[in-house]
Amino acid sequence: MISLEKRPQPSRLWTAITPIFAVVLTMVVGGLMFALLGVDPIEAVRTIFWDPLFHPQFAGFSRPQLLVKAGPLILIAIGLSIGFRAGIWNIGAEGQYIMGAICGAAAGLAFYPSESILIFPLMILCGALGGFLWAMIPAVLKTRFGTNEILVSLMLVYVAQNILISVSTGLLRNPEGMGFPGSRNFKQWDATHNAEIIAGTGMHWGVVTAFIAVIAAYVLMARHIQGFNIRLSGEAPRAARFAGVNPARIILLCLGISGVLAGMAGLFEVTGPAGQITGNFNAGYGFTAIIVAFLGRLNPFGILLAGLLMALTYIGGELAQLMLSLPGASIQLFQGMLLFFLLATDVFTNYRIRFGKREAA
Amino acid sequence: MDLGSINPVLLVASIMVSATPILLAAIGEMVVEKAGVLNLGVEGMMITGAVVGFAVAVTSGNPYFGFLAAAAASAVLSLSFGVLTQFLLSNQVATGLGLTLVGLGLSSLIGKPYEGMKAPPISKVHIPGLSDMPVFGKMLFSHDVMIYVSLLLVVAVWAFLKYTRAGLILRAVGESHDSAHALGYKVVTVRLMAIFFGGACAGLGGAYLSLVRVPQWTEGMTAGAGWIALAIVVFASWRAGRVLIGAYLFGGVTVLQLNLQAAGANVPVALLSASPYLITIIVLVFISARGAHGAPGSLGRSFHASH
């Protein structure tokens, strides 16, 4: 008989190695899935994890994409992880991301065709504000009425998507776009273009912001009293209240931070890689970031690595689609499985496995 | 705007059709939550049911095989959630989200070859006497069998939880798993069965969407229906009768906004399309402002017989 015995403290060793364990398990099961789809599993795994970085022909193009894709994932996941630490489940980052993009883009377009250098900072500010306000809806509803933030933040994703479709065909549509849906292209407007800072690296302002966010989040969570309060609220809500931590303030803070970061991620995406507001410019980063946050163990540096890994599966997935004609959805499933296996192997972090007869509980 | 083009008989009939997927998923999730488990994977199980049901119905030509396969597939999928949360003691919120992401990926993978196909038609049940009634016959008694199944399921769940010993044990497990364990009930087994049932219901709901309501397969077609089902359970304060009311109210809103769009109402389309989600939020706010009555005591907490 196998039984589980609770560890007095979560194992540090297992906390560090479960993600690796989960990645390997996902590769094995994913490989089986690829084999079922009629693709050589070893070749598929190599195409996804190795070729984007080292393939002689494609790597030159796909290596910069790593940062382009990892930037928004890391930025959003950092915000989410702070909330998850406090037991605040913001799963509507996709909506905050969309609203940030819309607000930031609208602020910029209001000044078209000015070439002032102040426009881009203003857009970033408005993007952050858009995400912040959208995240404040579940936050205020939770603090005022105790409404479940999971459901509200998720419902708001669908609302945001409807707003996005509406503005891309109406309010923000390019007046010179011959009636096609979509805003003006920011790539053709130097003052607002979120271009690569160093050519050929994929490094744009969003990636820089993501790196800053990683460091800031580390300082906040490990060195600042608010970070301690956030962790305390998540691990022992009662103790936190006795210690004088105001739960409403923690909720506002956590959702506010994640809203700001998701909103900025949206703005950087729309002015950079996406180029314009369209009905489907959002690539589901807000949801994938949830996986990134967990895979990174809710730890800022872990999230950095997890974001890069997840970006790799995106690029590798596209490559596999191209070269092995693997369906695009199989990558989505692959990413979902990764989260599942991570949660499954997590049991070793908190429990010890005991073989032998179970004693009476 | 031409409101005269909205036919009240067809309106009620289509409300029933649009409410049924959510009703099926919500009544299943209510049983799961009554057992103390919060499964946020309803959306993933629903869309898996939708695609499996559609695929099997198209291949076999029989919609009922589709429904059976959908229930089976989603129930099996839900067991993965069950194993993770009950045996490996993973966080229920995170695992439920994972289940949704897996379900969305899995469904679009399975569904690719079936895009653009048409579902085999499902026959309407003719009830002698009732179906021939002037207005109500067409409104309430000329539907496919699944609508009546969903209504019977609500009654069955209500009676099961209220009058049977098994229902009492399930509620005890949900209210206080430690006490239930101390009394000798198998907490994990009861919960696994509830999760399995919830998965099967969500699968039926999804299949109803792809086989009757739409009826075809498109990627991501549940569009948040699973999440709305979760909201309806909260709205219903974990009571079967109110789940029925909630699902039909929601179905009403959906159909009404579609009718308003078709009638060319002078309201932005985006607002109308977003209205089901907005109304869900507003309803949730009202319910929570009143206080969370009826939430099972152990909802969302992991059980480990170690203390």
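Colleague: Hi! How many helices and strands are there in chain A?
Modeller: Chain A has 15 helices and 2 strands, taken as DSSP runs numbered from the N terminus, with helices being H or I of at least four residues and strands E of at least two. This is a predicted model, where local features need pLDDT of at least 70, side-chain atom pairs count only at pLDDT 80 or more, and totals for chains, interfaces and linings use all residues. Residues are numbered from 1 along each chain as its sequence is written, chains are lettered from A and ligands numbered from 1 in the order in which they are written, and side-chain values use heavy atoms, with hydrogens and water left out.

Colleague: Thanks. What does the C-alpha trace of chain A span along its principal axes?
Modeller: About 75 × 55 × 35 Å.

Colleague: How much of chain A is buried?
Modeller: Of its 361 residues, 55% count as buried. Buried means under 20% relative accessible area, exposed over 50%, and partly exposed in between, with a 1.4 Å probe and protein chains only.

Colleague: On to salt bridges, how many are there over all chains?
Modeller: The count is 6, where a salt bridge is a side-chain nitrogen of Lys or Arg within 4 Å of a carboxyl oxygen of Asp or Glu.

Colleague: Which residue does Glu318(A) form a salt bridge with?
Modeller: Its partner is Lys69(A), with the closest N and O atoms 3.8 Å apart. The pair links distant parts of the chain, 249 residues apart: Glu318(A) is in helix H13 (residues 300–323) and Lys69(A) in helix H4 (residues 59–85).

Colleague: Is Lys69(A) buried or exposed?
Modeller: Lys69(A) is buried, at 11% relative accessible area, while Glu318(A) is partly exposed at 43%.

Colleague: Now chain B. Which residues are linked with Lys112(B) in a network of salt bridges?
Modeller: Glu115(B) and Glu219(B). For Glu115(B), the closest N and O atoms are 3.8 Å apart; for Glu219(B), the N to O distance is 3.5 Å.

Colleague: Where does Glu219(B) lie?
Modeller: Glu219(B) is in the loop between helix H9 (187–213) and helix H10 (225–235), and Lys112(B) is in the loop between helix H4 (92–111) and helix H5 (135–140), so their bridge ties together parts 107 residues apart in sequence.
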